[in-house]
Amino acid sequence: MKKTAADNSVRITERSLFYWILRRHRPMQLFLLLVIVISLFFKVFPLEMQKRIINQAIYLKDTHLLFLYCGLYIGAVTIAGLLKYAINVMQLYIGQKILVEMRTELYHHVLQLPLQFYRKMQPGTVISAMTAELNAIGFFLGGAIAIPITSVLTFIVFIGFMFNLNPLLALLSMGVYPLEIIVIPFLQKKYNRLNKKRVKTTRSMANVVNESISGIHEIHGNASYRLEEKKLSSYIQQLYALLKKLFVIKYGIKFANNLFQSMGPFILFLVGGYMAINGQFTLGALVAFLSAYEKVYDPWKEIIEYYQSYQDAQVRYQQIMKIFDLDPAHALLPSSRDPFTLQGNISMKNITFSVPSGIKLLEGINLDIAANEQIAFVGYSGSGKSTLSLLIAQLYDASQGTISIDNHHMDELSKLDVSSNVAMIAQQPFIFSGTIRENLLYGIQAIVDENHVPDRSQVLSVIRQVGLQDDIIRFGLQAVLTPEQCKPFREKFLRMRQIIQTSLKKDFEKSIEFYDASAYLYYSSIRDNIVFGDSLSGEFVIEHLPDHSSFMELLREMKLEKPLLTLGYAIATQSVALLADFQDDEFFFRDNPMELEEFTTYAQLIDRLNGPQPKDKEARRLLLILALRFIPEKHSIISLPSAMEAKILGARRRFQEIVIHIDTDHGNGLEMWTPCLKTCKSGEQMDFIPFCPSEYMYTHTLLDNILFGAVKSENILDEQLRDIAEQAFQDEKLLDEVMDIGLNFEVGSKGDRLSGGQKQKLAIARAFLKDAPILIMDEATASLDNTSQARIQGLLETGYKGKKTVIAVIHRLDLTPAYDRIVVLKAGRIVEQGTYDELMERKGAFYDLARADS
């Protein structure tokens, strides 16, 4: 739904809860009201039928009337039920639609709040407010209008029906409601006060948990588990005490409701019964009156529950909006114009920046930076270097003074103006969940349309500039490609396999055990030695094989089942004994077929087994899985009996023939695989792909496919890939393709699958790709090694000199000679500035810093 002018004129945090309800989805809400009005007739009509069934059909003993009235009764009840169902669905739909718009607009507002807001606001509070607390409000929104109107109208209709039957009984029955109007709101106010405290305590708990998860490495490093548990424990106790009081009041409200509900029938039976005995009231009318009274309490109860829901939603809504009740510092978009294209002339006059406590981090800053000038900010820690760079990037706002870019005052520039002309690299950059490609294009996608996003050649060029290409190539080689993704390059990849298998074979023999159909593979699992291939459907993964009937028949035929069970039992016994003291350390499980999370299962299994041939199906399955995972040259925990090797080789050929029905070349045995390997005896195509030199293995990584074998030594392989394979890739014109695949590498939450240096290079590449006229680097190379730092510094000197305004906050003073000007800060003030030679000759603050640094 489009926002109206009124929506734009009222800040979202100043809107009332009913602002959303009354201004959104009005046609749908009017239709809902119409359905509600229609449903009223079908709620009252069954009561009239009850009266007529007794007073007319039964009294007159007229079966025709009995069937007619009963049919009308059940028809009206059914229609009323269907209308109630439709009303509930529409209420939920409207409520969720309003909640989607509320959450979207609030998030839009939250993202634009000043950076200072997030310095003092805990992430847990923001997350809780935007998720669970808003969800609770959503259930109220849909029925905010429909429920009270439905309940009031239903209440009035039933009261009118009761007055029509007997005014005296109606007045007496209604006598309990004024008392309920006094008692329930009184209890509800107490509940609301406690609920506010509950919300506040829950947010504090969320902040503690969020902080602990974010700093989990420090907790493990310092073994500070008890300290963190103590922090949370106090909030848990507070919440426990609040919830006890809340539930006492909540059930007190329910008790009061039930008590008042019981008073009506008591009066009705007492007075109505007396009148019926004395002939002043018919039995049918009494039954209809009793039914009406029971039904009149339902809308009354809904009104009371609505009042409680409204109070709870109102408390939550007000507290959420109170958190974010702050204006964005700058407009998101320019008003009635395109974003400025700036040159990069920056002027700062009398700049002071203070934190809320009143401490001045910067004071009296006056600085002019010419377009395309390269400036270095240096100084001791806490001197204000980073703060000054954040002010120029519009991430902070000066407390006093003015900042302008190309004579445009910073207050006049929208966020889009600044982001289009300034690229910022932080010392600890944030990497978003998603792929490397998405992170690289993140900064530029926000300011240009999809038709102007850099193409692949530009992206890869920047990747090479920052020295990230080796990592991207490695990520590409570790990718598992689908048949569709692989199709354009399949033949080239197989060509690379052929090159390694022929001209480069001697270079790779030390690090790779090539797949050989006639030999036992000591660096591959027993499963790989038997199956010697993979299935696209996952039919032959190790965990499925103990339940695969054909595979198990093969093991029995080749007399391998019992030896494998014995092997699995030996592995499990040895592993449990050796790893009992290290069962929480993943390091000790790296060279073992058993996985860390399986240790307890296998320990319990060994305790209850009397030998290696259990009859229990699950026990046999677990032992077979360990045996099928066993890799002789990697898992030194036990040795593979030589007699088993021959049986396994025999099982390999039988597997191809009887399990997956592949024709092999009987004339040459297993020495040669022919192109017919993928052809079934029936002539149909299968999803099984054998380890065949002419076939791409879609369940394996690109590297596995090219090497066509199992890795013996990772270290030697890495060296060879750098020194030999990269050139071969280049010759085959595959290097860019592999890098393009590597750009799709998923970096994980906050980039946790990347190293610190990789994150920093990715952030630098993201800024370079943006190609903004102003580049701000806040210790952007601090996490890089000396070689990488020199590479980036060389790029600034050769590629950007005289082309961009560069502002760099740096600690390594040996990098400063390359800058046009050095600005030295101390205690929030500029104490001197000039070229490297000028400052060293002056022997002032910079000279002292340089001597201390050396």
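The C-alpha centres of domain 1 and domain 3 lie 58 Å apart. This is a predicted model, in which local features need pLDDT of at least 70, side-chain atom pairs count only at pLDDT 80 or more, and totals for chains, interfaces and linings use all residues. Residues are numbered from 1 along each chain as its sequence is written, and side-chain values use heavy atoms, with hydrogens and water left out.

**Domains**

- The domain assignment gives the protein chain domain 1 (11-323), domain 2 (346-468 + 747-853) and domain 3 (526-661).
- Such domain bounds come from an automatic or database domain assignment.

**The second largest pocket**

- The second largest pocket has a volume of about 900 Å³.
- On a 1 Å grid over the protein atoms alone, a pocket is an open set of points with protein on both sides within 12 Å along at least five of seven lines.
- Grid points are joined across faces, edges and corners, and a volume is the space filled by probe spheres set on the points.
- Lining residues have an atom within 4 Å of a point.
- The second largest pocket has 30 of them, and Y523, S525, D528, I631 and K634 lie nearest its centre.
- At least two lining residues come from each of α22 (526-531), β8 (533-535) and β10 (709-711).
- These labels follow DSSP runs, numbered from the N terminus: helices are H or I with at least four residues, and strands are E with at least two.
- β10 gives the largest share of this lining, three residues.
- By class, the lining of the second largest pocket has 12 charged, nine polar and nine nonpolar residues.
- Ala, Val, Leu, Ile, Met, Phe, Trp, Tyr, Cys and Pro count as nonpolar; Asp, Glu, Lys and Arg count as charged; the others, Gly among them, count as polar.

**The cavity**

- A search of the whole structure finds one cavity of 30 Å³ or more.
- In a cavity, a 1.4 Å probe fits but cannot get out.
- The largest cavity has a volume of about 30 Å³.
- Its lining consists of I436, L468, F475, L754, Q758 and L762.
- Five residues of that lining are nonpolar, one is polar and none is charged.

**Aromatic rings**

- The whole structure holds 31 aromatic pairs.
- Y520 and Y522 form a tilted pair, 5.2 Å centre to centre, with 55 degrees between the planes.
- Y520 is buried at 7% relative accessible area, while Y522 is partly exposed at 31%.
- Y696 and Y698 also form a tilted pair, 5.1 Å centre to centre and 45 degrees between the planes.
- Both Y696 and Y698 are buried.
- Rings of Phe, Tyr and Trp (its six-membered ring) pair if their centres lie within 6.5 Å; planes under 30 degrees apart count as stacked, over 60 as edge-to-face and the rest as tilted.
- Buried means under 20% relative accessible area, exposed means over 50%, and partly exposed lies in between (1.4 Å probe, protein chains only).
- F18, F140, Y306 and Y310 are linked into a cluster by ring pairs.

**Charges over rings**

- R337 lies over the face of F340, 3.8 Å from the ring centre.
- K804 lies over the face of Y800, 5.3 Å from the ring centre.
- A charge sits over a ring if NZ of Lys or CZ of Arg is within 6 Å of the ring centre and within 35 degrees of the ring normal.

**Positive phi values**

- Most residues other than glycine have a negative phi.
- F532 has a positive phi, near 50 degrees.
- F532 is found in the loop between α22 and β8, and it is buried at 0% relative accessibility.
- D771 has a positive phi too, near 55 degrees.
- D771 lies in the loop between α31 (756-770) and β11 (774-778), and it is exposed at 53% relative accessibility.

**Two helices**

- Helix α13 (residues 385-392) has seven of its eight residues buried, so it is largely enclosed by the rest of the structure.
- Its buried residues are K385, T387, L388, S389, L390, L391 and I392.
- Q394 follows α13 and has a positive phi, near 65 degrees.
- Helix α8 (residues 167-173) contains L172, which is partly exposed at 34% relative accessible area.
- L172 and I267 are 95 residues apart along the chain, and their C-alpha atoms are separated by 7.1 Å.
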